[in-house]
Amino acid sequence: MNDASSAGIQRRSLDDAPVRVVSARASLRTRLRNLWSRRELLTSLVFSDIRIKYKNSALGIFWSMLSPALTLGIYDLVFSVITKNGYPDFALYLFAGLVVWNMFQNAVNMATGVIVDRAGLVKKVSFPREILALANVGAAVIYFFIQLAVLCLFMLALGRSPAWGFLWILPISFATLYLLTASVAIVMSAVTVYLRDMKHLMEVLLQLWFWLSPVVYSYQHTIAQRLHDHGLTWMYFLNPITPIILTFQRIFYVKTNVISTNLPHSVLNILPQWTMSTFFYMNASLFVIMVVVFLVALTLFGRLEGNFESEL
Amino acid sequence: MTTVIEVENISKDFKIHHERNQSLKERLLHPKSGSTEIFHALSDISFKVSSNETVGILGHNGSGKSTLLKCICGVLQPTSGQIRLRGNLAALLELGAGFQTELSGRDNVFLYGAMLGLSRRNVEAIFDDIVAFSEIEQFIDTQVKFYSSGMYVRLAFAVAVNVDPDILVVDEVLAVGDERFQAKCIDRIRTFQEEGRSILLVTHQADQVRALCDRAIVLDGGLMVANGPVQESLRIFREHLLEDAVELDRTGARAEISIDSVTTPSGTFDVKSGAGLHFDVQMTSHGAYSGNFMMEIFTRSGLLVSRSDAQGSPVNLKPGPNTVGVDLAQIPLLDGVYDVNVGIVDHHGTVMAWREQAASIQVAYTGREGGIVELGASITQQ
């Protein structure tokens with residue numbers, strides 16, 4: 001700063017500096033451009049959020065593993081040991097679905113109240129507000145990758161390898177998951193400003209959503225036939241997280257047909273026997289839909305954003 | 001001269017909810033409960049600020065000045081109209097609003113810098129300047145929640161003024177910190193002015209506007225009532241304060257007083273430095289009124305030379321024309337023109353009548369001293 005002042009009166013000319021416009025409604029393109037130009041703020045917020053969360057705890061970020069580990073342990077105990085569903089390596093099956101679900105649930109849970117919680121910031125500092133929700137999604141992404149790493153270690157320990165041939169679909173599937181999570185997070189963060197009990201409603205909805213997704217049970221083995229008989233398969237697949245979970249399970253659990261651990265001669269059809277191209281087209285089309293959904297979510301957020309000040 | 005801020009027909013409406021419930025249950029059960037009122041915080045405001053200009057925004061509480069500032073900073077979206085900004089803007093709206101109390105001062109500098117639109121590398125480059133300016137070196141790695149409020153504000157101010165903004169927006173934050181830090185802030189603002197940056201200063205302290213601004217905008221009830229030279233705007237600001245005071249007084253018992261003219265027996269306000277001056281203030285009162293007489297003398301650059309406090313100089317005005325005499329026994333001022341403001345205030349300090357720049361005293365000085373006041377220094381070796 002001292003250099004600048006001693007250099008004297010010469011300031012760089014502002015004639016060709018970019019012009020920013022503040023007006024009642026920003027176009028979607030402006031919103032995306034603003035978001036992109038503030039990506040550094042997004043990373044700062046993600047890491048400061050994580051740092052704050054585990055600032056004064058001895059185990060730090062390992063806490064983020066403890067709760068999913070417990071969930072996994074309990075489901076494994078209940079379904080595999082107590083009720084004996086007969087799926088071999090059931091913990092791995094659970095894990096493959098839970099990494100997906102945990103990311104979604106984590107992000108949506110955190111983001112739902114984020115604008116209300118950070119009202120002080122929202123009312124005083126200028127930045128694209130959706131970054132707050134996206135920062136929560138970013139934190140969830142980091143936990144997701146930690147869990148994915150643990151999943152890989154777990155597979156090593158079990159001596160299992162992923163479906164190498166399907167692995168290239170994983171990035172598409174993850175991108176789809178990210179867009180879905182971000183869309184829900186952004187919309188919920190804005191809606192909660194107007195309806196404060198969204199936070200509680202969302203907790204209930206997420207539980208329902210969880211059981212509508214094939215994480216704990218096997219879609220193919222348990223309900224596929226019944227859905228098909230009633231012609232309701234399409235309805236089940238309206239849940240956009242289902243194809244993502246099925247993809248992850250196909251990649252990390254690998255086996256579509258397994259021999260039941262209860263009865264040595266019965267074969268369980270755990271995962272759909274779809275071909276690689278089916279998985280690809282399913283994920284790719286869902287990705288395209290999610291891009292549109294994400295843009296709609298941003299637009300909706302822009303509409304709701306205008307009255308934040310008088311509601312916070 | 002480039003236009004850096006262009007405000008075009010900005011209006012901002014707020015919905016005011018009465019008895020409003022924000023729960024889903026209440027909304028479903030009583031969809032129409034509570035009434036909503038539209039409050040026009042800003043109506044059709046337009047002005048421009050060029051680079052190298054310091055503009056004051058004046059207005060009393062609720063006049064819409066903070067709303068206007070928030071719109072310019074992009075914190076609020078205007079209901080209609082648009083604002084075009086050139087160059088980057090740093091806002092001192094509420095110092096430290098972006099701070100995370102759980103994080104250390106160091107982490108907060110980086111986070112706040114990111115909020116103001118700086119990259120990590122940029123913040124690293126100015127980090128030492130920020131810490132030096134804030135004077136909290138030894139606490140920079142302490143969590144901000146353990147900071148005193150003074151340290152908190154100093155750090156925030158240090159970040160904001162060190163980010164090299166083209167436009168600096170200041171909202172009554174100069175009232176914080178101890179006197180020494182305040183002086184440092186004012187100093188920094190003056191440096192900014194010399195460097196040709198634009199500054200937008202919101203305040204209700206007329207003195208600050210006089211001292212720092214090239215131009216002033218006055219808001220009243222969401223309307224822009226003045227946009228011009230500081231003296232002119234301050235006069236309008238005071239007049240609007242008066243109008244509001246009269247409106248507030250519903251009993252109607254309050255006397256209306258107008259200050260008509262200020263004259264000297266000789267007809268001139270030219271004086272020699274060190275000589276005395278007598279002048280008469282003619283005013284018309286619409287009723288008997290007992291209040292205090294008040295006088296301010298300013299330099300042309302806006303520095304307050306003297307304020308004769310209201311205490312102890314009561315005047316009893318009778319209905320009709322009145323004359324109040326003012327005797328300045330000695331004017332030890334140096335060469336220059338000095339503006340005189342006169343007014344009547346009541347016992348609580350509320351202004352009843354005011355005249356900005358009622359007279360201008362021209363002082364002639366032939367001695368060798370510089371500055372504004374003659375102290376009559378004589379130097380002897382002992």
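Which way, left-handed or right-handed, do α3(A) and α3(B) cross? The crossing of α3(A) and α3(B) is left-handed, a label used when the near helix is turned anticlockwise from the far one by less than a right angle, with right-handed kept for clockwise. This is a predicted model, where local features need pLDDT of at least 70 and side-chain atom pairs count only at pLDDT 80 or more, while totals for chains, interfaces and linings use all residues. Residues are numbered from 1 along each chain as its sequence is written, and chains are lettered from A and ligands numbered from 1 in the order in which they are written.

**Helix α3 of chain A**

- Let's start with α3(A), which covers residues 39-53 and has 15 residues; helices (H or I, at least four residues) and strands (E, at least two) are DSSP runs, numbered from the N terminus.
- From first C-alpha to last, α3(A) reaches 21 Å, close to the 21 Å expected, where the expected span is 1.5 Å times one less than the number of residues.
- Leu41(A), Leu42(A), Ser44(A), Leu45(A), Val46(A) and Ser48(A) of this helix are buried (20 or more other C-beta atoms within 10 Å of the residue's own; 12 or fewer is exposed, in between is partly exposed, and C-beta atoms are placed from the backbone).
- What do the buried residues of α3(A) pack against? Their partners are α8 (130-158) of chain A and α3 (105-115) of chain B.

**Where the two α3 helices meet**

- α3(A) and α3(B) pack at about 145°, with axes 8 Å apart; axes are lines fitted to C-alpha atoms, for helices over the stretch in contact, and angles run from 0 to 180 degrees between N-to-C directions.
- On the α3(A) side, the contact is made by Glu40(A), Leu41(A), Ser44(A) and Ser48(A), where contact means C-beta atoms, placed from the backbone, within 7 Å.
- α3(B) brings Asp107(B), Phe110(B), Leu111(B), Ala114(B) and Met115(B) to this contact.
- Sorted by type, the contact residues are five nonpolar, two polar and two charged (Ala, Val, Leu, Ile, Met, Phe, Trp, Tyr, Cys and Pro count as nonpolar, Asp, Glu, Lys and Arg as charged, and the others, Gly among them, as polar).

**The wider meeting of the chains**

- How many residues of chain B are in contact with chain A? There are 48, and they touch 35 residues of chain A.
- β4(B) gives the largest share of chain B's side, six residues.
- That side of chain B splits into 19 nonpolar, 16 polar and 13 charged residues.
- Strand β1 (residues 19-23) of chain A pairs with β4(B) in the antiparallel sense over five bridges; strands pair if DSSP finds at least two bridges between them.
- Arg20(A) sits opposite Leu85(B) in β4(B).

**Inside chain B**

- Chain B has eight helices and 18 strands, and 39% of its 382 residues count as buried.
- Strands β8 (215-220) and β9 (223-229) of chain B pair antiparallel over six bridges, and Ala216(B) has Gly228(B) as its bridge partner.
- β8(B) and β9(B) form a hairpin with two residues between them, and Gly221(B) in the turn has a positive phi of about 55°.
- Three strands of chain B form an open antiparallel sheet in the order β10-β12-β16.
- In that sheet, β10 (257-263) and β16 (320-328) are the edge strands, each pairing on one side only, and the twist averages 25° from one strand to the next.
- β12(B) (277-285) and β16(B) share nine bridges in the antiparallel sense, with Val324(B) as the bridge partner of Val281(B).

Notes:
Contact = placed C-beta atoms within 7 Å.
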